[in-house]
Amino acid sequence: MPPSAMRAVKDIMFGSIAGMVSKVFEHPFDLTKVRLQSQVLDTTARFNGPIDCLVKTWENEGVRGLYRGLPAPIVAAMLENASLFVSYSELQNVIRQINSQPLSHELSLPQLALAGAGAGAITSFLLQVTHACTPVELVKCKMQVQMIAPKPLSVSIPESTAAATLDSSLGPILRPLPGPIAVLMSVIRTEGLRGLWLGQTGTLIRECGGGAAWFATKEFVGTTLIKRRGSELTRKDIVPWESALSGACAGGVFNFSMFPADSIKSTMQTEEDLRPRGSNAPKPTFLGTAKAMYRAQGVKGLYAGCGITVARAIPSSAIIFLIYDGLSSRFG
């Protein structure tokens, strides 16, 4: 196998493993983020903050509730991280070829940011085509608000799967809780295939801008730490704690900078479940939802749930780069 192909295979494998591990760690915090984002347009908030949301979820739904909607995101995280890392690596080589530079040449920070943005855009497109990004995000978000929705989703499910559910005004009630396949088929049945890509604009903005911020921050912090040990050292000489620290910084910058787009996306994807307007009502748009959220709570509304998102992104991103850089160093 050619060296370039072997490198790509390794990027895919290492990225997949890193994505899977980090997703298991961060999912309860992601669930909290989605629920906080989804209540921005509510007249009365269901939760007073991230801690209140976590506590109420634990008390009323248990461990299973904290991990509701997990299987689909694990698959998506593996595909997403594999695509990000292999695209990032290949785009760096493209930039070197365009500038007639050897493959060993270290790119500048703006060039790395450009490669990161391109990797994010490619990943968003590929996952959209393979039904693994926005549809998974849509199903995940709908499942994460099932337990607080004012009415059950319109899907058929055996009564034996009914579970005690917390309604914001009625207290504990029995409600059938559809799984990911049932939610997916419900969306297709009511909205068609096009409905699976509700919120794609927000996903594209998040992935493209986030890819630039994520990789550029990691490379900047990582290089700074490496150079402190010796000016002759390169990015390949990074040690585990430097990978973790630079990855943690990258996760914080990525999520904070791209959070409004993600918040708008989550609100769009849970609108029909939490605030149903009828089948004849116009579908939410990215710009329209952004304006509504800003009118409702200002900038604060666009950053609802940001604190816990950044808090979980810091260790999660540290785990991703710690695993990826570690595997690359050991088997690369």
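**A glycine and its surroundings**

Mentor: This is a predicted model. We start from G202, which lies in helix α7.

Trainee: Is G202 buried or exposed?

Mentor: Buried means under 20% relative accessible area. The relative accessible area of G202 is 1%, so G202 is buried.

Trainee: Which residue forms a salt bridge with R206?

Mentor: The closest N and O atoms of this pair are 2.8 Å apart, which is within the 4 Å that a salt bridge calls for. The partner of R206 is D262.

Trainee: How many residues apart are R206 and D262, and in which helices are they?

Mentor: Both R206 and D262 are buried. The pair links distant parts of the chain, with R206 in helix α7 (residues 200-229) and D262 in helix α8 (residues 240-274). Their separation is 56 residues.

Trainee: K218 also forms a salt bridge. In which helix is its partner, D325?

Mentor: K218 and D325 have their closest N and O atoms 2.8 Å apart. K218 is in helix α7, and the two residues are 107 apart, so that this pair too links distant parts of the chain. K218 and D325 are both buried. The helix of D325 is α10 (residues 306-331).

Trainee: Why are K23 and E26 separated by about one helical turn?

Mentor: The side chains of K23 and E26 meet in a salt bridge, 2.8 Å from N to O, and both residues are buried. They are separated by about one helical turn because they are three residues apart in helix α1 (residues 3-38).

Trainee: Which residues are joined with K23 and E26 into one network?

Mentor: The count for the model comes to 14 salt bridges. Salt bridges that share partners join K23 and E26 into one network with D30, K33, R206, E207, D262 and R312.

Trainee: How are α3 and α7 placed to each other?

Mentor: Helix α3 (residues 71-98) and α7 pack with their axes 12 Å apart, at an angle of about 65°. Angles from 65 to 115 degrees count as roughly perpendicular. The crossing is right-handed. In direction, therefore, α3 and α7 are roughly perpendicular.

Trainee: How many residues of this contact are nonpolar?

Mentor: From α3 the contact takes E80, N81, L84, F85 and Y88, and from α7 it takes E207, W214, F215 and E219. Three of these residues are charged and one is polar. The number of nonpolar residues is five.

**The whole chain**

Trainee: How many helices and strands does the chain have?

Mentor: Read along the sequence, the pattern is α-α-α-α-α-β-β-α-α-α-α-α. That gives ten helices and two strands.

Trainee: What share of the residues counts as buried?

Mentor: Among contacts with a separation of 6 or more, 76% are between residues 24 or more positions apart. The chain has 332 residues, and the share that counts as buried is 53%.

How values were computed:
Residues numbered from 1 in each chain as written. Predicted model: local features only at pLDDT ≥ 70, side-chain atom pairs only at ≥ 80, totals over all residues. Heavy atoms only, no water. Helix = DSSP H or I, 4+ residues; strand = E, 2+ residues; numbered from the N terminus. Buried < 20%, exposed > 50% of the residue type's maximum accessible area, 1.4 Å probe, protein only. Axes fitted to C-alpha atoms, helices over the stretch in contact; angles between N-to-C directions. Parallel < 35°, antiparallel > 145°, perpendicular 65-115°, else oblique. Left-handed = near helix turned anticlockwise from the far one by under 90°. Contact = heavy atoms within 4.5 Å. Nonpolar A, V, L, I, M, F, W, Y, C, P; charged D, E, K, R; others polar.
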